[in-house]
Amino acid sequence: NVSLNAAPLSPVHVTFSSAKGHITLSPPVLLFDWTNYSTPAHVTAAAVDDWVDQAPVLYRDQVVVSVASDDSFPACKALRGRSACLQAVAYNGLAPPPGALNATILDDDAAGLAVSREALNATVDNYGDALSPGVYRVRLTSQPLKPVNVTVMGASAFTTLSPPTLVFEPAGWNASQVVELLAAAPTARRPVCPGGALACPDLAGRHESLSHVVNSSDPKYDVLAAGSAANPAVELRVSVVRDEGPAPRVTSSRMVNLLNGFEVVFDGGTDQAGLSGSFSCGAVLNLSASDETTLFGVGAACSWPDAQTLAVTFGSGNPTIVPGQPLRLRESTLRTQTPASGGPAPSLFSTNQSFALVGPSVPTVPAVVLSASSSVVGVCDDLTVDGSGT
């Protein structure tokens, strides 16, 4: 707080500045006259922050005060309402005693890492693959003098880091950088659970403790120990998002009554293997192109009348498939229909699905009728009817 202890002759300008430039003052100038000279005015002194950790260095500075006034007696007399000019004081050039406004500045910048845990929970689907990533942000708490490399350590072999190393430059030191972690089930087997089961010991949640190794030519950062208060560890939680039910299973496979194809029915809606319209049956059934032609005929095709039924239509020629023929679904192709609730898409594929074709419920049997002139075909003639070309 600054005030004058006696009325001035003329307006007084009091200017504040820093001797070494380590201090800012607000306001830098005060103006006093005979009406306000005794009213204290507040001046704030603040250290200039360079954001660089230089502790335990102490800065010493001094507030320089300059006082200027015309100290004019005639000007005092000329003011209306003022009558005590003989008692007024001259202020020009006045200064506080040396050392009266010395300042000691402690550097409060500290090198370290600030970690922001936005959503440090990664998810794994029922198949065992990474689903949603865990994310966190890292920034420096002070400006480094040299580049700082931060390497994330401690992740398991089944967790992928992006990026594994962060580089902070002095120019952009206070910008946060993002680390993304994708976690998969801790086994290379897919699906993780045998037979496509929904649960097994290898498909379970887990925790991973992540640390940060810091390297820099800046000595303040190069000594940051992993796991310390200035370099905190991060806990990643990995959880499993399970399908609402098992993968589709074949419940029946029967030839149609017209004998020109067959239908495979599943125990629930499927994702139709992402197929629509007419497509090659080998896309869903485990058949080569030549096997498909041999069994189903030339130009055979498959389609989905609905999400629960696969229809096979025979082609021309002479299809060789008969009731009892074993067939198999193609692996890693067919999944359950996405739930209407809008939850995550099912991840488990139908696996080890074999089935045998069953004959039609009520087969349509061709009736042979011969209409011919008796002069062409006699009642005692031999006659062979071959329907293989129909």
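Let us start with a term for how open a residue is: buried means under 20% relative accessible area, exposed means over 50%, and partly exposed is anything in between, using a 1.4 Å probe and protein chains only.

A word on what you are looking at. This is a predicted model, in which local features need pLDDT of at least 70 and side-chain atom pairs count only at pLDDT 80 or more, while totals for chains, interfaces and linings use all residues. Residues are numbered from 1 along each chain as its sequence is written, and side-chain values use heavy atoms, with hydrogens and water left out.

Now to the bonded cysteines. A disulfide is a covalent bond between the sulfur atoms of two cysteines; here, a pair of cysteine sulfur atoms within 2.5 Å is taken as one. The structure holds 3 disulfides. If you number the bonded cysteines of the protein in sequence order, they pair as 1-2, 3-4, 5-6.

Begin with Cys 76 and Cys 85, whose sulfur atoms sit 1.9 Å apart in a disulfide. The angle about their S-S bond is -95°, and the link is left-handed. Both Cys 76 and Cys 85 are buried. Further along, Cys 193 is joined to Cys 200 by a disulfide with an S to S distance of 2.3 Å. The link of Cys 193 and Cys 200 is left-handed too, with -85° about the S-S bond. Cys 193 and Cys 200 are both buried.

What is the handedness of the disulfide of Cys 281 and Cys 302? The torsion about its S-S bond is about 110°, so this disulfide is right-handed. The pair links distant parts of the chain, 21 residues apart: Cys 281 lies in the loop between β17 (261-266) and α3 (289-296), and Cys 302 in strand β18 (residues 301-306). The S to S distance between Cys 281 and Cys 302 is 2.1 Å. Cys 281 counts as buried because its relative accessibility is 0%, and Cys 302 is buried because its relative accessible area is 1%.

Let us move on to the charged side chains. A salt bridge is a side-chain nitrogen of Lys or Arg within 4 Å of a carboxyl oxygen of Asp or Glu, and by this rule the count comes to 5 salt bridges. In one of them, the side chains of Asp 129 and Arg 190 meet at 2.9 Å, N to O. Asp 129 lies in the loop between β8 (121-125) and β9 (134-140) and Arg 190 in the loop between β13 (177-183) and β14 (206-216), so the pair ties together parts that are 61 residues apart in sequence. Asp 129 counts as partly exposed because its relative accessibility is 33%, and Arg 190 is partly exposed, with a relative accessible area of 26%.

Another salt bridge brings together the side chains of Asp 202 and Arg 189, again with 2.9 Å from N to O. Asp 202 and Arg 189 are 13 residues apart, each in the loop between β13 and β14. Asp 202 is partly exposed at 33% relative accessible area, and Arg 189 is partly exposed at 37% relative accessibility.

Finally, look at Glu 208 and Arg 206, whose side chains meet in a salt bridge of 2.9 Å, N to O. Are these two residues buried or exposed? Glu 208 is buried, and Arg 206 is buried as well.

Methods
Helices (H or I, at least four residues) and strands (E, at least two) are DSSP runs, numbered from the N terminus.
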